[in-house]
Amino acid sequence: MESIQAIKQRFGIIGNDPKLNRSIEKAIQVAPTDISVLVTGESGVGKESIPKIIHQISHRKHGKYIAVNCGAIPEGTIDSELFGHEKGAFTGATTTRSGYFEVADGGTIFLDEVGELPLTTQVRLLRVLENGEFIKVGSSKVQKTNVRIVAATNVNMFEAIKKEKFREDLYYRLSTIEINLPPLRARKDDIHLLFRKFASDFALKYKMPTVKLTDDAVNALENYRWNGNIRQLRNVAEQVSVLEQNRTIDNKTLQNYLPNIGSNLPAVVSNSKSESDFSSEREILYKVLFDMKGDLNDLKKLTMELMKKGSDADVQKDNEHLIQKIYGDADEKDEEFEAAVEDLEILAIPEHKETAEEIISEAADKYHFAEEIEEEETLSLHDKELELIKKSLERHSGKRKLAAAELGISERTLYRKIKQFDL
Ligand SMILES: Nc1ncnc2c1ncn2[C@@H]1O[C@H](COP(=O)(O)OP(=O)(O)O)[C@@H](O)[C@H]1O
Ligand SMILES: [Mg+2]
């Protein structure tokens with residue numbers, strides 16, 4: 001049996017932390033068996049080296065080792081990726097295809113981010129784990145395989161089980177042995193060691209002298225949170241190595257590379273909100289969603305009013321503020337606003353008793369998807385339609401409002417068509 005030190009050297013694992021050593025020892029002990037292993041730990045702690053160790057020192061080392069990132073495969077194709085499919089199983093399945101479980105027969109499959117597996121795939125996986133059986137997508141033939149599974153996750157599996165996102169029986173089947181890797185902040189003594197190793201690697205790579213840290217910088221490095229763990233430390237070492245002219249790094253310089261954020265994201269996010277109200281793309285998206293939700297609520301309110309009061313013209317007056325809010329500023333009374341208000345008049349006089357859904361979807365069609373509908377209309381507009389528009393305008397002595405009502409389109413659409421076709 002190889003020693004822990006030899007394994008660390010062979011797999012490029014740096015650190016002397018007792019918890020790290022215990023994890024490697026566990027991997028060495030479990031490797032010769034076929035027991036399933038679940039590797040747990042935060043993102044960036046080095047989970048990916050554990051299944052490699054297990055495979056390489058097991059009797060399966062001459063078999064295939066396949067690493068699958070379950071979180072990166074779309075839900076619709078994951079069953080076919082893992083278990084294969086029959087010809088004609090779904091559109092595009094022109095040939096029969098073997099999945100990873102067939103290809104890796106006699107080897108090891110590493111299921112990274114296993115918590116992301118869809119529930120239906122979890123059922124198939126449980127069956128393979130229990131008796132080595134699986135069925136290709138679109139087939140009825142049961143096949144056998146002999147695969148060792150090592151899975152990894154950075155999510156709290158108990159939480160996932162409680163939320164019914166992960167099957168409890170599968171969890172126990174996968175985690176016969178659990179190997180937990182400690183976060184970097186719990187391995188303070190390894191931090192500087194790792195930094196020196198990375199700094200030396202990058203100095204070699206970029207052909208520059210190795211950066212060195214002052215004592216206060218080392219202290220700061222050791223007491224930082226490292227939410228992104230070793231992956232983040234490696235990035236910081238690379239940035240400092242590439243960007244700093246002065247190869248002795250003090251705490252002040254180092255701080256520029258250590259984002260001071262409370263969230264779990266290791267990303268570099270500026271704290272200043274100088275240019276806009278948003279500090280990130282996510283906030284902008286939230287803002288757009290909130291605005292849309294607000295619009296929808298206003299629209300619902302307006303629709304309810306219309307349903308309650310029917311053709312009462314006062315609805316428009318009573319709800320002027322809402323109408324303005326949804327369709328724009330009354331000061332810039334543009335074509336769009338006028339057309340919208342006009343269409344609202346049409347909506348207010350229902351010919352037949354419509355259900356609330358019908359009214360809402362009609363309103364949504366009219367306003368939110370106006371551009372799309374218009375485009376299609378324009379594309380399919382042929383001479384006959386042009387003739388109709390012309391005639392209608394003549395009949396109403398050029399009065400667009402009346403012509404639009406006759407043609408059953410909004411005034412805005414008519415206005416665009418007139419402009420487009422130079423009528
Ligand atoms: N003990 C270690 N010594 C050296 N490099 C490490 C160590 N642990 C992790 N790394 C490096 O950190 C990065 C993240 O490791 P990875 O296994 O991908 O993390 P995880 O899968 O847990 O998110 C990789 O580049 C890996 O090589
Ligand atoms: Mg990973």
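User: Where does Glu113 lie, and why is Glu113 called partly exposed?
Analyst: In this predicted model, Glu113 lies in the loop between strand S3 (108-112) and helix H6 (119-131). Its relative accessibility is 29%; buried means under 20% and exposed means over 50%, so Glu113 counts as partly exposed. Glu113 also has a positive phi, near 50°, in a residue other than glycine.

User: What makes Lys207 count as exposed?
Analyst: Exposed takes over 50% relative accessible area. Lys207 has 75%, so it counts as exposed. You'll find Lys207 in the loop between helix H9 (188-206) and strand S8 (212-213), with a positive phi of about 55° although it is not a glycine.

User: Why is Val242 called partly exposed?
Analyst: Val242 has a relative accessible area of 38%. The in-between class runs from the 20% limit for buried to the 50% limit for exposed, so Val242 is partly exposed. Val242 is in helix H11 (residues 229-243), and together with Tyr206, Met208 and Leu243 it makes a nonpolar surface patch of about 330 Å².

User: How do you know that Arg231 makes a polar contact with ligand 1?
Analyst: The cut-off for a pair of N or O atoms is 3.5 Å. A side-chain N or O atom of Arg231 is 2.9 Å from an oxygen atom of ligand 1, so that pair qualifies. Backbone N or O atoms do likewise at 3.0 Å for Glu48 and 3.2 Å for Gly46. The protein covers 80% of the 560 Å² of accessible area that ligand 1 has on its own.

Technical notes:
Residues numbered from 1 in each chain as written. Chains lettered and ligands numbered in written order. Predicted model: local features only at pLDDT ≥ 70, side-chain atom pairs only at ≥ 80, totals over all residues. Heavy atoms only, no water. Patch = residues over 30% accessible without salt bridge, like charges linked within 9 Å, V, L, I, M, F, W, Y side chains within 5 Å. Areas by Shrake-Rupley, 256 points an atom, 1.4 Å probe, with all protein chains shown as cover. Salt bridge = Lys/Arg side-chain N within 4 Å of Asp/Glu carboxyl O. Helix = DSSP H or I, 4+ residues; strand = E, 2+ residues; numbered from the N terminus. Buried < 20%, exposed > 50% of the residue type's maximum accessible area, 1.4 Å probe, protein only. Polar contact = N/O pair within 3.5 Å; in protein donor to acceptor, adjacent residues only side chain to side chain.
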